[in-house]
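Please open the model in a viewer and keep the selection panel at hand. The stops below proceed from one selection to the next.

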Amino acid sequence: MSTHAILLVEDNEDDVFLMKRAMRVAGITNPLHIAEDGQAAIDYLAGTGAYADRTQAPLPMIVVLDLKLPYKSGHEVLEWIRQQPNFETLVVIVLTSSSEQVDLDRAYKLGANSFVVKPPTTALLQGLVESFKLWWLTHNQAAIKPAPHAA
Amino acid sequence: MPTSADRERRQLESDLRDASSRFQAVLGAAEIGTWTWDLIADRVIPDDNMRHIFVLPEIAPSYPLAEFLKVIHPDDLPHVKTTIDRALASDSGKFEDDYRVIQPGGVIRWITARGTFFRDENQRPVNMSGVLIDITARKQAEAERDSLLQRERAARLQADALNARLNFSLSALALGDWVWDVATDVMTLSDRSADIYGVAPGSGLTREAMRALLHPDDRDRAREIARRSVETRSDYSNEYRVQHATRGLRWVAVRGRPVFAADGTLTSMMGVSQDITERHAQEQSVIELSRQLRAQTEHFETTLSNLNDFVYSFDREGRVTYANRSLLKLWNQPTLQDVLGKSFKQLGYPDDLAARHLAEIAQVIATRQAYTGETPYLTPTGEWVFFQYIFSPIFDEHGEVSAIAGTTRNTTERKQTELALASAREELLRHAETLEATVSERTARLQETIGELEAFSYSVSHDMRAPLRAMQGYADTLLEDYAPKLDAEATRHLTRIRKNAERLELLVRDILSYSRVAKENIQLTAIPLQAFLENLLPQLPNLQPPVAHVRYQRPLPVVLGHEAYLSQIFTNLLGNAVKFISKGVIPVIDILAEDQGASIKITIQDNGLGIAPEHFARIFNIFGRVYPDKQFEGTGIGLSIVKKAVQRMGGEVGVESKLGEGSRFWFTLAKA
């Protein structure tokens, strides 16, 4: 299982809490970094401002991206990511409460690797995170493998 | 003393003188002149009569011949000279010629002259003597006679011609002539007359016998007319009926003339007769026809003149040939005679209108079709009126347009009504437009509002999910992570929180589904129902045996629909079928398809509780629940989504059921 960092772009602290809990329950030990809005996510990935120190803000192997975000939407973040030459192959999983077809279509067109609707119950969320661990962290071979950092 | 011989001689001389003077007297009375011409001396000795005839300028005892020749008419002189020469050359020496002499004042006298040349022993003519006779009177009488003869001949020719013409006329006109002689009381009839009266030619009937041939009612009048003709010495004419022996009653016209002797007594009556039965009949029919025509004309005139409409006709040049009284009144003209033959301009039409009417008449002539027009018109009294008129062609026997007939109606009132109507219509239209604008504006606003509401409900529903997830998540966290620390009541309360959150989550999900179905644009595709169900059913865990039995007809048709909607419909309906059922009963569900021609009716029949008919309409409404939530959990939106989804696919939805006997939910879809 990879030990690379995961960037969760999520403005809802309850979702962040539940995600962290589910990951803990699932036994995921990868360092989880949070960006609370779209601009923060771009800054993090660009390594600017508050995220200039890569020891504090290591490049993630997977970005879990919400769509409805302050300042810059998830789609805009995704679009920016795919415009960066070094992030062309970065794994981006969209995790959103929207099940709108347009959101889904747009996300895939912009280069999302996966599109997942936030599960409505804790049990379902737990099931999802377990699957995530197995699929993305265990079996999936990522193109980008940044240097792992200790959390 | 005179001797007896002297006496005798004196007596003889006296006698001779007497005889000579008597001879002269006779000659003088007869205007016969004598002369002697001495050729040797060229002296002519005239007597007094000759002097009277030749009236020479000088008085002399004798004259040269040339003096006499001077007064002879130039046209006659050559032949006089020729006659003289011929007489000189002839053995007899006789001279005879007629010639004219011109007396002073231009009086011309005709002379006939005779003479004889005497020769000497050498046969030389030495003198000549002769007589002159003034034949002027005779010549005049002769000329007069010739002229008379000529005139008589001309008159006779003229009379002959007249007679020929008369005869021709008589025969051409079938005229018979007759004469009644007073002295003999015999009526002499020509063949034609005899034929007209139906008697034998030359039968010599008396006048009264002839009158007996007349119709009894006409006899007295015939007699009276003839009597008056004689009395007034003038021609008469009459028409009477003749009782013809073979042809029956005939009408005969007669013209007669009394003929009187020099002393004024009547000698005869002459005249001509003509059978006019046919003409009479024709006349009668002509009279009858013209009477009818007059009556008809009067009838038409009365009828046309009582019309308020104008009735009229023009010739091809647009001149009036008829106008009824109404039109005359408009034109302010007393009688038809005042307008006959007048042009529009002469009737005071303005130039443009006159030109227009003439063009329209030309058009009617050219197209041979009636022309309908409408025009405003300023009456002589200064009033504006509207006229609608029709000009129609009148064809002659050759099919040519010979005239134009027209009628004109005052349409002012109608025009005003029309105008009022048009303005009312326009106003109405404006109102309607305003109304339409208002309606479409309000509709747009309403749709906007609905859209906003939908967007709002969607966004509200959507935004509710995060807090719900949080509520659930925290409740779960507490229940799972802190279970040892929680007492039973705390655990129950947390469970209630989680339960309610789950319920709310379901509600939100259904509302979002409904909204999505209501607003999405979808494309219908062909869906093979059987394959579709074979794929769908395994995904629904509570429909698998032994929990429930779902059976469907095989094969199932292909329908036109939207796969996601169809999944939603089956999921909801099948979900209801297994939910609303008596405890302990295993659901058995049949899916049937019925071909309805253009569409397929799909029925889902269950063995559940059934629904009372009074609820049929309500259950398809949002939150239209039959059972309280406590008894059967649900949001009350499921059937609304079904109904909306079916409608969006162009179908209909319904239910047949009886309480306790299961339900049959059905919906239709177009055949693929």
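Two strands are taken to pair if DSSP finds at least two bridges between them. Helices (H or I, at least four residues) and strands (E, at least two) are DSSP runs, numbered from the N terminus. The model is a predicted one, in which local features need pLDDT of at least 70 and side-chain atom pairs count only at pLDDT 80 or more, while totals for chains, interfaces and linings use all residues. Residues are numbered from 1 along each chain as its sequence is written, and chains are lettered from A and ligands numbered from 1 in the order in which they are written.

**Stop 1: an open sheet in chain B**

Select the five strands of chain B that form an open, antiparallel sheet in the order 2-1-5-4-3. Strand 2 (43-46) and strand 3 (94-102) of chain B stand at the edges with a single partner strand each, so one side of each has no neighbour in the sheet. On average, neighbouring strands of this sheet are turned by 25 degrees against each other, direction ignored. Angles run from 0 to 180 degrees between N-to-C directions, and axes are lines fitted to C-alpha atoms, for helices over the stretch in contact.

Next, highlight strand 3 and strand 4 (residues 108-119) of chain B, which pair in the antiparallel sense over nine bridges. Ile102(B) is found opposite Ile108(B) in strand 4 of chain B. Contact here requires C-beta atoms, placed from the backbone, that lie within 7 Å.

**Stop 2: a hairpin in chain B**

Select strand 9 (residues 248-260) of chain B with strand 10 of chain B: nine bridges join them, and they run antiparallel. The bridge partner of Phe260(B) in strand 10 of chain B is Leu266(B). These two strands form a hairpin with five residues between them, and Gly264(B) in the turn has a positive phi of about 95 degrees. Strand 10 (residues 266-275) of chain B is also joined by seven bridges to strand 6 (residues 175-181) of chain B, again running antiparallel. There, Leu175(B) has Gln274(B) as its bridge partner.

**Stop 3: two helices of chain B**

Move to helix 15 (residues 563-579) and helix 16 (residues 638-648) of chain B, whose axes come within 9 Å and cross at roughly 145 degrees. Among the residues that meet are Tyr565(B) and Ile569(B) in helix 15 of chain B, and Leu639(B) and Val642(B) in helix 16 of chain B.

**Stop 4: the interior of chain A**

Finally, centre on Ile62(A), which lies in strand 3 of chain A. Ile62(A) counts as buried because it has 24 C-beta neighbours inside 10 Å. Leaving aside neighbours within four places in sequence, Ile62(A) is in contact with Ile6(A), Val91(A), Ile93(A) and Trp136(A). The C-alpha atoms of Ile62(A) and Ile93(A), 31 residues apart along the chain, are separated by 7.4 Å.

Methods. Contact = placed C-beta atoms within 7 Å. Buried ≥ 20, exposed ≤ 12 C-beta atoms within 10 Å, placed from the backbone.
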